[in-house]
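This report covers how two chains pair. It starts with symmetry, then turns to the interface.

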There are 4 protein chains.
Amino acid sequence: MHSDNWLLLHRTVRFGDTDAAGVMHFHQLLRWCHEAYEESLEAFGVAPACVFPMAAADRPAGLEAPAVALPIVHCSADFRRPLVCGDPLVIELEPVRLDPGSFEVRYRFQRVRTGEEPVDAALGLTRHLAIEPASRLRCSLPDPVQRWLEAAAVASGGIRPV
Amino acid sequence: MHSDNWLLLHRTVRFGDTDAAGVMHFHQLLRWCHEAYEESLEAFGVAPACVFPMAAADRPAGLEAPAVALPIVHCSADFRRPLVCGDPLVIELEPVRLDPGSFEVRYRFQRVRTGEEPVDAALGLTRHLAIEPASRLRCSLPDPVQRWLEAAAVASGGIRPV
Amino acid sequence: MHSDNWLLLHRTVRFGDTDAAGVMHFHQLLRWCHEAYEESLEAFGVAPACVFPMAAADRPAGLEAPAVALPIVHCSADFRRPLVCGDPLVIELEPVRLDPGSFEVRYRFQRVRTGEEPVDAALGLTRHLAIEPASRLRCSLPDPVQRWLEAAAVASGGIRPV
Amino acid sequence: MHSDNWLLLHRTVRFGDTDAAGVMHFHQLLRWCHEAYEESLEAFGVAPACVFPMAAADRPAGLEAPAVALPIVHCSADFRRPLVCGDPLVIELEPVRLDPGSFEVRYRFQRVRTGEEPVDAALGLTRHLAIEPASRLRCSLPDPVQRWLEAAAVASGGIRPV
C-alpha cells in the first residue's frame, strides 16, 4: 500500500481564499487542514458517516450515528510564504495518537509552482479529543480512527501498531 | 415600537471579506444576509433556540428542539457598487410571507461612507421553506416567525396582520 | 478533446460546509460555484494569473497584471436536496457569453451517493462583467475567457464560435 | 477614556458559524479574532484605510495606500467550551508589541448566557509582522498601530509607553 494516496494530498489556492493584500487570508489554512483530515480518512477507507454527524434523514441505511465526537481543542498555524490564487499545494499529513482518547494531525503545506523548487509555505496543527456527544465526557477514539492512526504511524516509520 | 431596531441593521466590511481584487468577495454577502436575518429575529424577541437547531447538550433547560426547520430553497444577490475593508453598511430587511409554509427576506445594503451620500451597494434575497426535519415534509411556519413576519408587514405599511 | 475534463468537475461536501441542521449551509454553494469556475478555466488551459489579480511580488515573471477584472454582478442558487458531509458531487458547468463584455456560468450540482441514482441537488448561477479595474468602466472580455466561452458553446452543441 | 470600548468587544454566534455537530466550527474563531482586531483598531480611532489594503479606486481621497503590510505569521486557538447558535460572547483583546516590527494579539472569548455565570469558551492568538509589501522585507510597525499598542499596554497596567 502506498502511503501517498491518503497522507499526501493536493489542492489549489482559489480566489475566494485571498484577501485585499493579494495573498491567502490566514484562517483559510485551518479550513484546508480540516478538509485534508477528512480527505485522508476517506482515502484510507473510513466512510464520513462513521466519523462525522449528519442530518438523521440522510444517514446511510443501517449505519448508526457516530457514538463519539472528535472536537478540536487546539489548533495552530505558521505561515512561511505568501500563497496566491492558483498556487498548487502539496499537503503532507502526519496524524499522531496522543493517548487513548486524543490525537493530533500535523499538516505541512508545500507550494509547488511550475519552474520553481517546492518550498514550505505553511504548517498547521489540529488536536482532537474523543467525547461522548450527549455527556461531553471523554472516551476512547473510535475504531476506524484508531486504524488510521496506526497505519499512519507505520507509514511514517515511527511508533509500531499495538 | 420603532421598526428601526429589528429591520434596520448595521455592519462593517472586514478584511477577510475581501479578495485580491481589493473588494468584498461576492459570496460573503449571502453570509451577511443570513446573519442579518438571525439578528433581526433576535432583536424582535425570538430566541435563537426557538428557530435554529443546536447541540442537544446546550439547549436551554425546558426548551424543546425546534419542531420546524426553515431551509433556504433559493437565494440571489445583485452587486451594484464595490465594497472595501472598513465600509460601513446599513442593511434594510423586508421579510415577506409567501404562503402558510414559506417566506422570503429581501435585503438592501447601503454603503454609508463618511462625507459621501449613502448609495445602494447590493441587494440580497433568501427564500425559506418550513419543513418537518425528520420527514422533510412541508408544514406551517413556526409561531414566532409568523409574528415576526406580521410585524414586518405592519412596519412596512403593507399587508395587515390576520 | 473531451469536454469532460473542464466542464464536468467533482467535489465532496466537507464537515465545515455543514451547519447545525446537519446539512450543507446554503452560502457555501456559491463558494463552490466560483471555485468550479476557476478550476474549469485552469483545466481548459487558462493560467489563473491571466485572469485573477494577485500580490505583485508573486506575479509570474514576464506576466502583466490582468488588464480586465470580471466582478460578479449577480448570482443565484436553487436548493433541491439536502447535502451532508461526505456527499460526492458532480458539477456541470455551462458558461454562456451574454454580450462582448459579460458572461454567465450556470452550475448544476448532482449528488452521486453510492447505491443511489444521481439526483439534482442544486443549481447555481454567476454573472460576470468585464471592467477596467482603475476606471471601473465596462470593456471587452479578455481573450482567454473568450476562447473558453467559445469552446464551451461548441461543447454544448450550441452557438458556434465566431 | 474607558478601555472598554476598544479592548472589550461583543458578538453573537451565528448559524453559519456552526457545523453538523451543532456547535461552532473551530476555524470560525480565527475569523472572529481578526474581525475583533479590526474592530478594536477602528474603535481606537485608526481608519481601516491606514492599515489595510483596498482597491485603489475606493481609497479615500488624499490617503496613500498603506506603506506597510501586517501579515499573520502565526496563529493559535484553544477551545474550552462548545458555542451554539445565539450564544452571546464577550471578547477581551490584549495587543502586545513584541519588537519594533511585530506584535501579537491575545483574544479571550467568554460565553455570557442569560442566567449562567460567564465562562471562558476559547482563547485565540494572532502574531503579525510588519513588512514592506513590494520587497516583503521586515520594517517598523506603522505609527497608528504603535499608538494602539502603547495605549493597550497602558490600559492593561503593563509596559509604559516610550
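## Symmetry

Chain A superposes on chain C by a rotation of 180° with 0.0 Å of shift along its axis, at an RMSD of 0.0 Å. In chain A, A:Arg11 has the C-alpha nearest the axis, 5.8 Å from it.

## Basis

This is a predicted model: local features need pLDDT of at least 70, side-chain atom pairs count only at pLDDT 80 or more, and totals for chains, interfaces and linings use all residues. Residues are numbered from 1 along each chain as written, chains are lettered from A in the order written, and side-chain values use heavy atoms, without hydrogens and water.

## Contact surface

Contact (heavy atoms within 4.5 Å) links 26 residues of chain A with 26 residues of chain C. 100% of the interface residues of chain A are also interface residues in chain C, so the copies meet through the same surface.

The two chains bury about 2,000 Å² between them, 56% of it on carbon and sulfur atoms. Buried area is the accessible area (1.4 Å probe) lost on being put together, summed over both parts. In chain A, A:Arg14, A:Phe15 and A:Asp58 lose the most area to chain C, together 30% of what that side buries.

## Salt bridges

Chain A and chain C share 6 salt bridges (Lys or Arg side-chain nitrogen within 4 Å of an Asp or Glu carboxyl oxygen). One of them joins C:Asp58 to A:Arg111, with the closest N and O atoms 3.9 Å apart.

Methods:
Least-squares fit on C-alpha atoms with pLDDT ≥ 70 in both.
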